[in-house]
Amino acid sequence: FKPTLRLGQSDTLTGFIQAERYDIDGRGAASTVAPEATVEELSAGAAWSANYTKVLSSSTVFVARFAGFTGYYDLLPYNGDDTPGWYDVEHDFYGVNSYYFYKADRTRNQLNASLTKYASNFAGEHNLKFGVEFERSHIKSEWAYPGGSYVLASFGEPYYAYLYDGYLKDSSNNRFALYAQDSWAITPRFTLNPGVRVDLHRGIQQASDDTVFKTNPISPRIGFAWDLLGTNRTVLRGHYGWYHDGAKSSYFDPLDPGNSPQFGAYVDANLNIISDVYLRNTSTATTHSMDENIKHPRLKQSTVGIEHALVGNLSLSVNGIWRDYDRFVDDVLIRVPGDYSATTLDDPGPDDEHGTSDDPGSTITGYEQVIAPEDQRFLITNPEGAFRRYRGIEFVANKRMSDRWQLQASGG
């Protein structure tokens, strides 16, 4: 549904709304999975948008847009949430019920507004744009073992069970942004494109209503286009800018109190526990904390390229691309003196055997953890030295629409 409404000579309102649903029967089916151990997928969603455009003058335009979506995504066991799933380690076969269920709900709403102003006779010509954005999203995810356990069996006889109430991650993200940019034609042959953007990210846990994630990234950008010969046939372009990730709850999910610890125990044929219950994994809510100086993940990008028009509507271009990613967010083990003991071992060499000809005659220092795993502590931070780098070159041939056909081909 896409309505368009003209409110006056200079006002236009457009929008759309759509809904969808898709279900899958027997998700996860395989030769090693019984039909009753698959899941039923039930999914539905809706998206909407409304756009208001107001021409304030011959050189000024105001645009406002409200958009959003909502949906759910459920993976449900066929034998209910109370019957544990089994895995037979000898037969490599899943049966009885799915060993998990998953329920996800997502909602996001975003309001944008911008003002575009064309100005001339001020050190060239300017196409200025100023904008504001506000986004709010809600993310809820639940994953667990049906019946709170996952059974291991051997030749059809159960012997061990993982005991886990799963996780319930319930969080919200608020993002507020301001930006300004300009397309500045300094001369008829040279255009400069400066800009800057400021985002405020706030991550909130619904269980405690606490703001646990705060970042305020600033993203400067600048680009240019230069008609080298003044013939509009050879153009040199360049760009440098910082870009930051969007609002994501995965950065602070480990802090959610809905993350349960996982245990394990031996069981008899009736699934009665017959051993001590062992802690396998602690709740991340008790072991993790957030770095007060956390930074938002960043991409620094540079591009430079030249395009030349050959004949008719055909042009060729070559572009160089440099991308550097840093400020990744991850949980890092906090090491404290005394948590590990050092052990000196003889180096056995490449063959990993002592007393052979490749023994280097040196030693290796190994470290053994002496504290209990549940006593470990992790800091959600930007790991020092973590980065990802990309370098590329791209060749593009572009034939604009003429004689009823067009073409773009590229490689790198």
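Helices (H or I, at least four residues) and strands (E, at least two) were taken as DSSP runs, numbered from the N terminus. On this basis the protein chain contains one helix and 26 strands. The model is predicted: local features need pLDDT of at least 70, side-chain atom pairs count only at pLDDT 80 or more, and totals for chains, interfaces and linings use all residues. Residues are numbered from 1 along each chain as its sequence is written, and side-chain values use heavy atoms, without hydrogens and water.

The C-alpha trace spans about 85 × 65 × 50 Å along its principal axes. The radius of gyration of the protein chain, taken over C-alpha atoms, is 29 Å. A compact globule of 412 residues would have a value near 22 Å, by the rule of 2.2 Å times the number of residues to the power 0.38.

Of the 412 residues, 31% are buried (under 20% relative accessible area, 1.4 Å probe, protein chains only; exposed means over 50%, partly exposed in between). Contacts are defined by heavy atoms within 4.5 Å. Among those between residues at least 6 apart in sequence, 64% join residues at least 24 apart.

R327 lies in the loop between β20 (314-326) and β21 (330-333). R327 counts as partly exposed because its relative accessibility is 28%. Leaving aside neighbours within four places in sequence, R327 contacts H244, K295, H296, P297, R298 and N382. K129 is 198 residues from R327 in sequence. In space, the C-alpha atoms of R327 and K129 are 29 Å apart.
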